[in-house]
Amino acid sequence: MLPITPAGAISLFDLKFTQFVTLRVIPVLYTISLVVISIIGVVYFFGALIAGFAAFGEEDGGPVGVLLILTALVVVPLFWLIYVVFARVIFEFFLSIVRIADNTDPRHRRF
């Protein structure tokens, strides 16, 4: 459910803020952040691999090459996972705040 639908577009210009757009925008923002984090991770992964193999061609570059290859194989996926979890936690935090605000709205009182 994207905010591009007619109902979503109308709620974007709701000056009284009676509807929350955040619930519809967060999945799109999370998807964009996953794509960006993954692209950056792939660039660093292949960059470290290429630099590691290139270091083997240099004089005394063997230890540096091994370190760069290990970085590509261990550190880059670990940081990718940490950033994905961090993004998920941040977006879930914002969603929980919006849902708390929605549930405490006096218009939704059942008693």
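The structure holds three aromatic pairs. One of them joins Phe45 and Phe46: the ring centres lie 5.3 Å apart and the planes meet at 80°, so the pair is edge-to-face. The model is predicted. Its chain has three helices and zero strands. Helix 2 and helix 3 come within 8 Å of each other, axis to axis, and both contribute to the largest pocket.

**The Phe45–Phe46 pair**

- An edge-to-face label needs planes over 60 degrees apart. The planes of Phe45 and Phe46 stand at 80°, so this pair gets that label.
- Phe45 is partly exposed, with 22% relative accessible area.
- Phe46 is partly exposed too, at 46%.
- The range for partly exposed begins where buried ends, and buried means under 20%. Phe45, at 22%, is therefore classed as partly exposed.

**Overall layout**

- Along the sequence, the pattern reads α-α-α.
- The chain has 111 residues, and 23% of them are buried.

**Helix 2 against helix 3**

- Helix 2 covers residues 22-55, and helix 3 covers residues 62-103.
- How do two packed helices get described?
- For helix 2 and helix 3, the axes come within 8 Å and cross at roughly 175°.
- Angles over 145 degrees count as roughly antiparallel. Helix 2 and helix 3 are therefore roughly antiparallel to each other.
- Which classes of residue make up this contact? It has 27 nonpolar residues, seven polar and two charged.

**The largest pocket**

- Its volume is about 200 Å³.
- Residues lining the pocket include Ile37, Ile40, Gly41, Tyr44 and Ala48.
- Also in the lining are Thr71, Val75, Val76, Phe79, Trp80 and Tyr83.
- Which elements give two or more residues to this lining? They are helix 2 and helix 3.
- Helix 3 gives the most, with six residues.
- By class, the lining has nine nonpolar residues, two polar and no charged ones.

- Tyr30 sits in helix 2. Is Tyr30 buried or exposed? At 16% relative accessibility, Tyr30 counts as buried.
- Tyr30 and Ile90 are 60 residues apart in sequence. In space, their C-alpha atoms are 9.6 Å apart.
- Ser33 also belongs to helix 2. Buried means under 20%. Ser33 has 16% relative accessibility, so Ser33 counts as buried.
- Ser33 and Tyr83 are 50 residues apart along the chain. Their C-alpha atoms are separated by 9.5 Å. Tyr83 is one of the residues lining the largest pocket.

- Ala72 lies in helix 3. Relative accessibility is 0% for Ala72, so Ala72 counts as buried.
- Which distance separates the C-alpha atoms of Ala72 and Phe46? It is 7.3 Å, and the two residues are 26 residues apart along the chain. Phe46 is the partly exposed residue from the edge-to-face pair above.
- Leu78 is in helix 3 as well. At 45% relative accessibility, Leu78 counts as partly exposed.
- Leu78 and Gly41 are 37 residues apart along the chain. Their C-alpha atoms are 9.9 Å apart. Gly41 is part of the pocket lining.

Conventions. Residues are numbered from 1 along each chain as its sequence is written. This is a predicted model: local features need pLDDT of at least 70, side-chain atom pairs count only at pLDDT 80 or more; totals for chains, interfaces and linings use all residues. Side-chain values use heavy atoms; hydrogens and water are left out. Axes are lines fitted to C-alpha atoms, for helices over the stretch in contact, and angles run from 0 to 180 degrees between N-to-C directions. Helices (H or I, at least four residues) and strands (E, at least two) are DSSP runs, numbered from the N terminus. Angles under 35 degrees count as roughly parallel, over 145 as roughly antiparallel, 65 to 115 as roughly perpendicular and the rest as oblique. Ala, Val, Leu, Ile, Met, Phe, Trp, Tyr, Cys and Pro count as nonpolar, Asp, Glu, Lys and Arg as charged, and the others, Gly among them, as polar. On a 1 Å grid over the protein atoms alone, a cavity is a set of points where a 1.4 Å probe fits but cannot get out, and a pocket is an open set with protein on both sides within 12 Å along at least five of seven lines; lining residues have an atom within 4 Å of a point. Grid points are joined across faces, edges and corners, and a volume is the space filled by probe spheres set on the points. Rings of Phe, Tyr and Trp (its six-membered ring) pair if their centres lie within 6.5 Å; planes under 30 degrees apart count as stacked, over 60 as edge-to-face and the rest as tilted. Buried means under 20% relative accessible area, exposed over 50%, partly exposed in between (1.4 Å probe, protein chains only).
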